[in-house]
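Please read them with the coordinates open.

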Amino acid sequence: MLQVVWFKRDLRWQDHAPLSHAAKHGAVLPLWVDEPQAWAQSDASPRHRAFALGCVRALADWVNVHGGQLYTPRGGMLDVLANIKARFGQFTLLSHEETGNAWSYARDRAVARWCADAGVPWQEFPNNAVVRRLATRDRWSALWDTRMKTPPRAAPDDVRFANMTWPAAWMTDDRDGSCGAAASLQRAAQSHLSSAHELLNSFLQQRGQHYRVQMSSPLTADTACSRISEHLAWGSISIRECAHAVWARRTELLALPLEQRPAGFLQSLKSFEGRLHWHCHFIQKLESEPEIEWRNVHRGFDDVRNEGALAPQEQARLDAWVSGHTGYPFVDACMRSLNATGWINFRMRAMLMSFASYQLWLHWRQTGLHLARQFTDYEPGIHWSQCQMQSGVTGINTLRIYNPVKQGLDQDPTGEFVRRWVPELADVPQAVIHTPWLVGVPGYSPPIVDLKQSTQAAKDVMYVRKGQPEVKAQAQAVYQKHGSRNPAREGRIKTVRKVPSSPQMTLEF
Ligand SMILES: Cc1cc2nc3c(=O)[nH]c(=O)nc-3n(C[C@H](O)[C@H](O)[C@H](O)COP(=O)(O)OP(=O)(O)OC[C@H]3O[C@@H](n4cnc5c(N)ncnc54)[C@H](O)[C@@H]3O)c2cc1C
């Protein structure tokens, strides 16, 4: 029977269980659907589509080289499935499981219903360590090991592609301008020039040596961090490939005589590996509770910030934050840099979110949507969990209110990053680069909120709320559902990682 392999946010051919499985069971029809509704969602942006199309192009090339043609219709998934059935008769649908936004979740449920009605079997395979219908978090960390320790699947070399050519009108392309500015397309192309594996390799061999100490400053993070997130988010590399590459590199370094080991590299690898755990740990939260996308994990914080229509002052604060005109140089530089490039490092993401949620007292959903559209690596499970965490509404994480002046002094002491992204401050002396209001700079707005007062006001509300007995009690339930049982891995990493154990759970992956 025809095997239709539906590529979603798993745009690769290696370590791809549905493709490998399909190759063993019949002629393969590779499918990627350009779904206008997906791109019209409030968390989607042309930047995402441009990156995805770069991955699709690479996948289409691979399929071509192996004698097939990637089918890339534009439209709704149900129509596409109906067309395939009308044209080719019965088939099996194969895909990875997706933990996506509410729209993709609803789309998948509609696909499941269509398949049931049409008698089309749909086989879904895990894409990472996220578990469908997870009963308890207790053994989740061991499951990560189980799934990761199996070697990544090689790209199948025996695929028999279904022999068919598609009318050009059925295929999407990116010449219709819907990807947005040419610049973002160019960036996507550049990113694919240095493919996911080259990027990871350069990090593990060289760039990552000082990752642990250089990840926090935006001056060093863009080269010291792996920058693999965009590829993980769109699936051009799998998390298991990353894990195996880290372990191989660790073995290589350990084999070197002590005096030849590049200083700090092993510690950096440990930090990086911890973050590969976080990746799945956070996505698991959305898988277990899809409402995390729009609703507080801890309902006891529901009324602390305004979720409804914004008052004019709130709108003004949101606009200033979004465009990088808050009057706080480091916040503005980080936001402008993110808006221009599509990436910023973790600490600066946390600071941007914290500043919006505490000092500007805006609801995380509105600010999170802006960040989602800007991040090329937008991954709903990580994103919404982090937005909530940095806004203090999970009930199980320590409140962390960043001081943007202190962050600026710590992470950009000379003001180099600020001057790069906020040209209005180019000539401001170093002594006041993070506090320009002390001297007044024509052309740069004064702070939109008073730092001390707004921070104190936020603390007053949050600590009182967190201390209420019913809020504390409910936090226990949140912990049971989402809390890490292994903080050394999924929280702060302090202990040395043990060699993966061999739990009994086995899942095809
Ligand atoms: C408010 C906020 C929103 C975020 N939204 C996203 C998002 O949409 N997509 C996304 O991939 N990351 C998100 N992150 C997490 C993190 O900032 C990025 O994963 C990281 O900056 C990506 O760069 P990198 O690949 O060089 O990371 P590295 O530091 O090299 O880490 C390697 C990989 O580990 C994972 N990882 C790293 N940090 C975290 C983390 N804190 N939580 C979960 N996984 C992590 C990512 O997959 C990353 O690619 C968010 C963080 C915050 C504070």
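1. Tryptophan 6 of the chain faces leucine 31, which belongs to E2. Two other pairs tie in with this one. Valine 5 stands opposite proline 30 in E2, and glutamine 3 has valine 28 as its bridge partner there. In total, five bridges join E1 to strand E2 (residues 28-32), and the two run parallel. Strands and helices here are DSSP runs, numbered from the N terminus: helices are H or I with at least four residues, strands are E with at least two. Two strands count as paired if DSSP finds at least two bridges between them.

2. A word on the source. This is a predicted model: local features need pLDDT of at least 70, side-chain atom pairs count only at pLDDT 80 or more, and totals for chains, interfaces and linings use all residues. Residue numbers start from 1 along each chain as its sequence is written.

3. Which strand pairs with E1 besides E2? Strand E3 (residues 91-96) is joined to E1 by five bridges, and the two run parallel. Valine 4 has leucine 93 of E3 as its bridge partner. Leucine 93 in turn has tryptophan 122 in E4 as a bridge partner. Four bridges join E3 to E4, again in parallel. From E3 the chain passes through helix H5 (residues 102-118) to E4, a right-handed β-α-β crossover. Right-handed means that, with the strands pointing away from the viewer, the path from the first strand over the helix to the second runs clockwise.

4. The sheet as a whole is open, with four strands in the order E2-E1-E3-E4 and parallel pairing. E2 and strand E4 (122-125) are the edge strands, since each pairs on one side only. The average twist is 25° from one strand to the next. That angle is taken between N-to-C directions, on a scale from 0 to 180 degrees, with axes as lines fitted to C-alpha atoms (for helices, over the stretch in contact).

5. Is E1 enclosed or open? Five of the six residues of strand E1 (residues 2-7) are buried, so the rest of the structure largely encloses this strand. Buried means 20 or more other C-beta atoms within 10 Å of the residue's own; exposed means 12 or fewer, partly exposed is in between, and C-beta atoms are placed from the backbone.

6. E2 is mostly covered too, with five of its five residues buried. Side chains in a regular strand alternate between the two faces of the sheet. In E2, Val28, Pro30 and Trp32 point one way, Leu29 and Leu31 the other, and all are buried. Valine 28 has 25 other C-beta atoms within 10 Å.

7. Most residues other than glycine have a negative phi. Aspartate 15 has a positive phi, near 50°. Aspartate 15 sits in the loop between E1 and H1 and is buried, with 23 other C-beta atoms within 10 Å. Arginine 227 also has a positive phi, about 65°. Arginine 227 is in the loop between helix H10 (218-224) and H11. With 21 C-beta neighbours inside 10 Å, arginine 227 is buried.

8. What surrounds the ligand? The shell holds 29 residues, and the closest are Cys225, Ser226, Ser229, Arg275 and His383. Helix H11 (229-234), helix H13 (265-288), helix H16 (346-359) and helix H18 (380-389) each give two or more residues to the shell. H13 gives the largest share, six residues.

9. By class, the shell has 17 nonpolar, seven polar and five charged residues. Ala, Val, Leu, Ile, Met, Phe, Trp, Tyr, Cys and Pro count as nonpolar, Asp, Glu, Lys and Arg as charged, and the others, Gly among them, as polar. Domain 2 (187-288) and domain 3 (292-487) both contribute residues, so the ligand lies between them. The domain bounds come from an automatic or database domain assignment.

Conventions:
A residue is near a molecule or strand if its C-beta atom, placed from the backbone, lies within 6 Å of it.
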